[in-house]
Amino acid sequence: MEKNRILVVEDEESLLKLESILFTSKGYQVTGVRGGNDALKAIAQDAPDLVVLDLMLPDMDGFEVCRSIKENPATSAIPVVMLTAKKSSRDLEHGRQVGADAYITKPFKSVKVLEVIEGLLGNNSAAGGGAV
């Protein structure tokens, strides 16, 4: 069985490592990048099965990255999970407007993040079969 591939976009090195370890420990193949432009390049080269996306990035914000993913017919079906410290209802609504499939705020619970990812990837057996 082929592993699902996750692209983690996170500018904070410690969180990038933490998320990578978390997803790898659950059998996912993980690639990490630290900026929006690098994310779009990585997606163009080898589209992942899912993107975990921070909003506050050094070169372009996560909203713009998500919009670019969702507006491109070649990548629009890739699920995008926004994982961010931005908690306002305005930010959440903006995430929906640009096409995010899920919006999780930091600090996050690993179990919740994994349930959302497994649900979006159709790996519901690991999430107890429940919908997110």
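The model is a predicted one, in which local features need pLDDT of at least 70 and side-chain atom pairs count only at pLDDT 80 or more, while totals for chains, interfaces and linings use all residues. Residues are numbered from 1 along each chain as its sequence is written, and side-chain values use heavy atoms, with hydrogens and water left out.

Strands are said to pair if DSSP finds at least two bridges between them. S3 pairs with S1 (5-9) in the parallel sense over 4 bridges, and Leu 7 stands opposite Val 51 of S3. S3 also runs parallel to S4, to which it is joined by 3 bridges; in this pairing Leu 53 stands opposite Met 82. In a regular strand the side chains alternate between the two faces of the sheet. Within S3, Leu 50 and Val 52 point one way, whereas Val 51 and Leu 53 point the other way, and all are buried. Buried means under 20% relative accessible area, against over 50% for exposed and in between for partly exposed (1.4 Å probe, protein chains only).

Next come the nonpolar cores, each a set of buried Ala, Val, Leu, Ile, Met, Phe, Trp, Tyr and Cys residues joined through side-chain atoms within 4.5 Å. The largest has 21 residues, of which Leu 7, Val 9, Val 51, Leu 53 and Met 82 touch the most other members. H3 gives the largest share, 4 residues. A second, separate core holds 19 residues, including Leu 16, Leu 22, Val 52 and Phe 108. As for Met 82, its contacts (heavy atoms within 4.5 Å) beyond four places in sequence include Leu 53, Phe 63, Cys 66 and Ile 104.

H3 deserves a paragraph of its own. Together, S3, H3 and S4 make a right-handed β-α-β unit; right-handed means that, with the strands pointing away from the viewer, the path from the first strand over the helix to the second runs clockwise. The buried residues of H3 are Gly 62, Phe 63, Val 65, Cys 66, Ile 69 and Lys 70. They lie on the same side of H3 because they cover an arc of only 160° around the axis, taken from the directions from the helix axis to the C-beta atoms. These buried residues pack against H2, S3, S4 and helix H4 (89-97).

Glu 10 is found in the loop between S1 and helix H1 (13-25). Its relative accessibility is 1%, so Glu 10 counts as buried. The side chains of Glu 10 and Lys 106 are joined by a polar contact of 2.7 Å, meaning a pair of N or O atoms within 3.5 Å; within protein, one must be able to donate a hydrogen and the other to accept it, and residues adjacent in sequence count only if both atoms are side-chain atoms. The Glu 10 side chain also reaches the backbone nitrogen of Glu 12 at 3.0 Å.

Pro 107 itself lies in the loop between strand S5 (102-105) and helix H5 (110-121).

Definitions and conventions
Helices (H or I, at least four residues) and strands (E, at least two) are DSSP runs, numbered from the N terminus.
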